[in-house]
Amino acid sequence: MIDTLLQGLLLGGLYCLFALGQSLMFGVMRLTNTAQGDFIVLGAFAAVASAGLVALHPALIGLALLPIAFAFGYALQRYVLNGTLGRDPLPSLVVTFGLAIVIQNGLQQLFSADPRSLATGALATESLNVGPLTAGVLPLVIFGVAVACTFALQWLFGRTRIGRAFRAVSDDREIAELMGLDARKVYALATGIAFITIAIAGVLQAMRTTVAPSDGPLLLLFAFEAVIIGGMGSFWGTFCGAMLLGVTQQIGFRIDPGWGIWIGHIVFLIVLVVRPQGLFPKTRG
Amino acid sequence: MSAISPSTTMPAVSHASSATEPIVVRATLLSQVTLGVAVVLVGVAASLPFWGESSWMREFVEIACYFIFAAMWNLLAGYGGMVSIGQQAFFGIGGYAMLGLSNFGGINPFVAISIAALAAGLIAVPVSQVAFRLSGGYFAIGSWVIAEVFRLGIANVSAVGGGSGTSLTALRGIDKATRESTTYWVALACVVACVALVYLFLRSKQGLALLAIRDNEVAAESQGIAVKKMKLAVYVVAAAGAGLAGALYFVGNLRISPDAAFSVNWSAFAIFMVVVGGIGRIEGPIVGALVFWALNKFFSDYGTWYLLGLGLLAIVVTLFFRQGLAGFVQQRWGWVAFPTQRTLKG
């Protein structure tokens, strides 16, 4: 039982990384990125393709991808997504959903529908034993990265000039612009940072398991559930939401492999009915 | 809605008794022509089984299902303001309800179609209690989660074949020609009923209330419109329509599986059709379905490139051409085939 709990928490670490970008983008500009999962898969394939070209450790390839991911996210928000923002949710939903379909089919055309993964050498099999518990080193590393990213984003959001700009445009775009902020650039910066977490999530997903071009929607749903369970606008809330989702799924898988994801969805819906504002809403103050 | 130029309007319905009061105009010349053409077209279409090929009938049944599903998505998103990526939940429920009623209940599948539609509408009532906790973009993805719950749930029910699905055995005794033409006529009737009901609903007092809610929810509420009740009604009707499309589709297809019935592609294609045709207009899904049918006919062999193109087209239309084709025609020439607005004259 304790083993299931541990595995669930480690799985939650990965889900947290899926969700942080979604949480940031919704928090700053109320944008629902329906291509979140597909961008994670795109990041994973970018790493897989790079690993085929240069013989470097996957972690180094991942690091090299981060500035590219930032630039990609910045440009995407600046030149495409900013034009879809507004009271009506339809334009941003259709554009991101369209992007999701473009990414899925583009990747399938380039890489075929087969699942791929990043070879991590010994890291894939190494594990740590503490008493009766066994945990893989890689999942532990992923969990550590998730904690670090959550901490970094919460710090950025609450304690820095950039974070203040994020909160300002989030609270009232017009007033923030009167104070001299360029909301379009602030939004672009937020998406750029969100895409850094997306690239990290993609590379780690490819290292831990396999990725296929059609995986995106499922990753999106997990990310979305973690954000809603946690409560909007709080990164530690998202972290806890991801943990709850990971543990629930792991318990479900233990009971019956066919029902694991289903039980995760059900727990999400129960939280939605019982506590629609999420477990830890708006801790950013 | 933009006003129509006076030259194309004709007084049809008048509530005014004296000459000094303004006259409320509902119909346009084009709308009356459309009605006439539509009656002729439906008449010709109804006779198709006597002179057409069976492949045409199959094609029509398929595109009819896409169209009905898209028209219901348009009602929900374009008029009700509820953008959803989860309407495939009700499409699948309709399909499986029809199958269950026919295979296990011994009901004629063609009769079961309408019961399945009602069942989908009924299930939408409790589902709305969960889905309505979210709004905007999160409603869209939350609905998708709900659809996944149904897909994964059905995939674990061995009585209907689990994940690999099952066949509609109830139609086995009927010969192919009778089955195909009956399916065709039912599909045609469903399309006509669907367009007529949406049109009449939007022209009614309730339709006016719905348009008011779409334009400004708070203002509508302040005018005494029961916003919540209205949204629930639209959600239930759209679910029943999606269920109808699903039941019809699998009567034509004879085989059902959770992945086919609850595929997110249903919502993706509906969004494509409505956005390209023009959201929030009855003409939208009609034009969109025709465009989709043509693209599908000529380009579907290209597989992934074709789907990639559909995604790109939806993005481009949303960014640069937000009114869609029907909206463009209305703005450019003032043509409205299905006018829902009231224009004052005199």
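How many helices and strands does the secondary structure of chain B come to? Chain B comes to 15 helices and four strands, where helices (H or I, at least four residues) and strands (E, at least two) are DSSP runs numbered from the N terminus. This is a predicted model, in which local features need pLDDT of at least 70 and side-chain atom pairs count only at pLDDT 80 or more, while totals for chains, interfaces and linings use all residues. Residues are numbered from 1 along each chain as its sequence is written, and chains are lettered from A and ligands numbered from 1 in the order in which they are written.

**The two chains**

The secondary structure of chain A comes to 11 helices and two strands, and from the N terminus on its elements run α-α-α-α-β-β-α-α-α-α-α-α-α. The table sets out values for each chain; in it, a residue is buried if 20 or more other C-beta atoms lie within 10 Å of its own, exposed if 12 or fewer, and partly exposed in between, with C-beta atoms placed from the backbone.

| Chain | Span of the C-alpha atoms along the principal axes | Buried residues |
|---|---|---|
| Chain A | roughly 60 × 45 × 35 Å | 54% of 285 residues |
| Chain B | about 70 × 50 × 40 Å | 45% of 346 residues |

The radius of gyration is taken over C-alpha atoms, and the globule rule is 2.2 Å times the number of residues to the power 0.38. For the 285 residues of chain A a compact globule would have a radius of gyration near 19 Å, and chain A, with 19 Å, agrees with this.

Two residues are in contact if their C-beta atoms, placed from the backbone, lie within 7 Å. Among the contacts in chain A with a separation of 6 or more, 77% are between residues 24 or more positions apart, and in chain B the corresponding share is 75%.

**Where the chains meet**

The contact between the chains takes 35 residues from chain A and 33 residues from chain B. On the side of chain A that touches chain B, α4 (90–111), α9 (216–230) and α11 (260–274) of chain A each supply at least two residues, and α4(A) gives the most, with 15 residues. The residues on this side of chain A divide into 23 nonpolar, 11 polar and one charged, where Ala, Val, Leu, Ile, Met, Phe, Trp, Tyr, Cys and Pro count as nonpolar, Asp, Glu, Lys and Arg as charged, and the others, Gly among them, as polar.

One residue of chain B can be followed across to chain A. Leu152(B) has its place in helix α6 (residues 136–155) of chain B, and Leu152(B) is buried, with 21 other C-beta atoms within 10 Å. Leaving aside neighbours within four places in sequence, Leu152(B) is in contact with Ile261(A) and Trp262(A). Leu152(B) and Ser257(B) are 105 residues apart in sequence, and their C-alpha atoms are 11 Å apart in space.

**The nonpolar core**

A nonpolar core is a set of buried Ala, Val, Leu, Ile, Met, Phe, Trp, Tyr and Cys residues joined through C-beta atoms within 7 Å. The largest such core has 205 residues, and those with the most contacts inside it are Ile68(B), Phe69(B) and Ala120(B). Not counting residues up to four places away in sequence, Phe69(B) touches Phe91(B), Ala242(B), Ala245(B), Trp266(B) and Ala270(B).

**The hairpin of chain A**

Strands pair if DSSP finds at least two bridges between them. Strand β1 (residues 127–130) of chain A runs antiparallel to strand β2 (residues 133–136) of chain A, and four bridges join them. Leu128(A) has Ala135(A) as its bridge partner in β2(A), while Asn129(A) stands opposite Thr134(A) in that strand. With two residues between them, β1(A) and β2(A) form a hairpin, and Gly131(A) in the turn has a positive phi of about 60 degrees.

Most residues other than glycine have a negative phi. Arg30(A), however, has a positive phi near 50 degrees; Arg30(A) lies in the loop between α1 (2–29) and α2 (36–53) of chain A and is partly exposed, with 18 other C-beta atoms within 10 Å. Leu254(B) has a positive phi of about 70 degrees although it is not a glycine. Leu254(B) is found in the loop between α10 (227–253) and β3 (255–256) of chain B, and Leu254(B) is partly exposed, with 16 other C-beta atoms within 10 Å.
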